[in-house]
Amino acid sequence: MATETPAKAKILPFYLLIDVSFSMTEDGKIEAANKIVKELRNALAEHPVVADKVRFGIIDFSEDSQVVVPLCDLSMFTQETSFAPRGGTSYVAAFNTTRQQIEQDVDQLKADGFDVHRPAVFFISDGLPTDEEQDWSAAFQSLTSYDRATKSGFAYFPNVIPFGIGATPDVLRELIHPRDRSKCYFMKDGSNAGEVLSSMAQILIQSTLMSGASFGSGGPGFVLPDDSSLGENVVVADYEDLL
Amino acid sequence: MSVSALELAPILMPRELGTTTPLARGATASVEEVADADPALVLKRFFRPEIVDADALRRLVRWRLELSELERRQLDHLATWPLATVEEDGGVLGFLMQRVAREFTQGVRLPSGRRRTVLREAQYLLSAERAVRLAVSFPDWERRSELIFALIEALDFLHHQHIVVGDLSPRNVLWDGDSARVLMVDCDSMFLGGVGSPLPPTFTVDWDDPADPQGAAASSDVYKLGLFVLRVLAGSFQSRDAELAAPHLDGTGLMLLRASLSPVPFARPGIHAWERWAAGRRAAFRRSEPTNTTHPEV
């Protein structure tokens, strides 16, 4: 009897794009950021079915941007990682590096025979960009714009979920992509930034686990946790909420 | 007065339960310890009760109560079935179910070195390498086969009662290697008598039926059982190639697996065919007969 031709394995790439400007050294933020990587690795190791489907890349940014952990099965990544604070907050560098990395990674995964789902980017920043608005806005457009009719733009454009600890909601709002399905998360006034980042890490981990278990059926490719499960120091908003 | 597991009313009010303490959070609900109930019971509380089909949930509770005592014991042995709905102002907040017994949990060592107790989900049966990294035991071929027989038996019982599992995936099946038992969880996503499940159906990626990715039919359950047999025996997260399991199955088992993974639903066997095969293999195991298959460990 005929059996089905083995289907291609599905992969959901995630990127953590994190601000390492000097201000991240205040209020325990950089320590909390380093903990995110450890907690993510633990969470994925604990869920082998999800770990098998999810690939994670980590990119930092300040005045420049660097790949800290290349896209990989993070649960199997044994190297210790820690973020080194540097000056500046260039969103342009962050978005350009992310675009370049996604293009390279998705091409490689496809060449390796995987069925690659749309990537998702968790963007974490504790301040306003030091670039001109028109520059970072253009870099974000270059990362997220694609016209299916003319096939112009970036075909591998990611979904973007911004997290702000100090970044103002009107800037974060512009980084929600797509605007009708993604959301942004920011710090409630008067909260401790390091603690907020820990709460945001839980959102990010939950989203990764839920997305990794359910993507692939024509859905958006990422799932955000129910709003009722957020920490009390985090505010969630969609694009319309922030207009 | 404490809510008893033995004399449970089908509908309870939150005030009858006393205070509740969260034990775990999932995607759609939290599981909570209940102060004023038998400790063998826990509350599953929905995050968004408005998306739950309350009538479908009540139907699952009533159906269990209408079973014979023997059937009810069988059901409770293989599934954490909804035992009573918890309702307020005409809406369902959640339901009581049996607490997962300790033998269906295990301690894992995470990459950070921290130890954590987790449910022993079937996802830990798919990779010996990942099991080693988590410092948990990985059952040998014979024990994995016995767990497959147990799952077949559970599915045979459910299909006989016109229950379709729907999202039959390694997250929804727990196992205990010592007793060779399985326990099915997330029963509020199951379908009774072809009617919709209480929770909107979800489908685990790479555990879908290509003939009907969003549907729930007995033939889809058999397809997913085929994936389970293949992946648990061959040690794979995503393969759909029945031939990978050839070294681990006898001729009849391999034939059933090939047919179960057919893209054509009506070409798949019923669960009874699997059950007959499992009963025969189980008897052979008990007689300790040498098998005519090889079974290299994965």
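Me: I keep hearing about domains. Where do their bounds come from?

Reply: Domain bounds come from an automatic or database domain assignment. Here, chain B is split into domain 1 (11-98) and domain 2 (139-286). Before we go on: this is a predicted model, where local features need pLDDT of at least 70, side-chain atom pairs count only at pLDDT 80 or more, and totals for chains, interfaces and linings use all residues. Residues are numbered from 1 along each chain as its sequence is written, while chains are lettered from A and ligands numbered from 1 in the order in which they are written.

Me: OK. How many Å separate the centres of the two domains of chain B, and how many residues does the contact take from each?

Reply: Taken over C-alpha atoms, the centres of domain 1 and domain 2 of chain B are 25 Å apart. The contact takes 16 residues from domain 1 of chain B and 15 residues from domain 2 of chain B. Two residues are in contact if their C-beta atoms, placed from the backbone, lie within 7 Å.

Me: Which element gives the most to the domain 1 side?

Reply: On the side of domain 1 of chain B that touches domain 2 of chain B, α1(B) gives the most, with five residues. Helices here are DSSP runs of H or I with at least four residues, strands are runs of E with at least two, and both are numbered from the N terminus. By class, that side of domain 1 of chain B has eleven nonpolar, three polar and two charged residues. For the classes, Ala, Val, Leu, Ile, Met, Phe, Trp, Tyr, Cys and Pro count as nonpolar, Asp, Glu, Lys and Arg as charged, and the others, Gly among them, as polar.

Me: Now the sheet. How do strands pair?

Reply: Strands of a sheet pair through backbone hydrogen bonds, either parallel or antiparallel. The rule used here is that two strands pair if DSSP finds at least two bridges between them. In chain B, an open sheet of six strands has the order β1-β5-β6-β4-β3-β2, with mixed pairing. Its edge strands are β1 (11-12) and β2 (20-25) of chain B, each pairing on one side only.

Me: Which strands run parallel, and which pair in the antiparallel sense?

Reply: β1(B) and β5 (residues 84-88) of chain B run parallel, joined by two bridges. There, B:L12 stands opposite B:V86 in β5(B). β5(B) also pairs with β6 (residues 91-98) of chain B, in the antiparallel sense over five bridges. B:A84 has B:L96 in β6(B) as its bridge partner. The hairpin of β5(B) and β6(B) has two residues between the strands, and B:D89 in that hairpin takes a positive phi near 50 degrees. Another antiparallel pair is β3 (residues 29-34) and β4 (residues 41-46) of chain B, with five bridges. In that pair, B:S30 has B:R45 in β4(B) as its bridge partner.

Me: And how are two packed helices described?

Reply: By the angle between their axes and the distance between the axes. Axes are lines fitted to C-alpha atoms, for helices over the stretch in contact, and angles run from 0 to 180 degrees between N-to-C directions. Take α6 (residues 251-260) and α7 (residues 271-286) of chain B: they pack at about 160 degrees, with axes 10 Å apart. That makes α6(B) roughly antiparallel to α7(B), because angles under 35 degrees count as roughly parallel, over 145 as roughly antiparallel, 65 to 115 as roughly perpendicular and the rest as oblique.

Me: Which residues make that contact?

Reply: B:T252, B:G253 and B:L256 come from α6(B), while B:A273, B:W274 and B:W277 come from α7(B).
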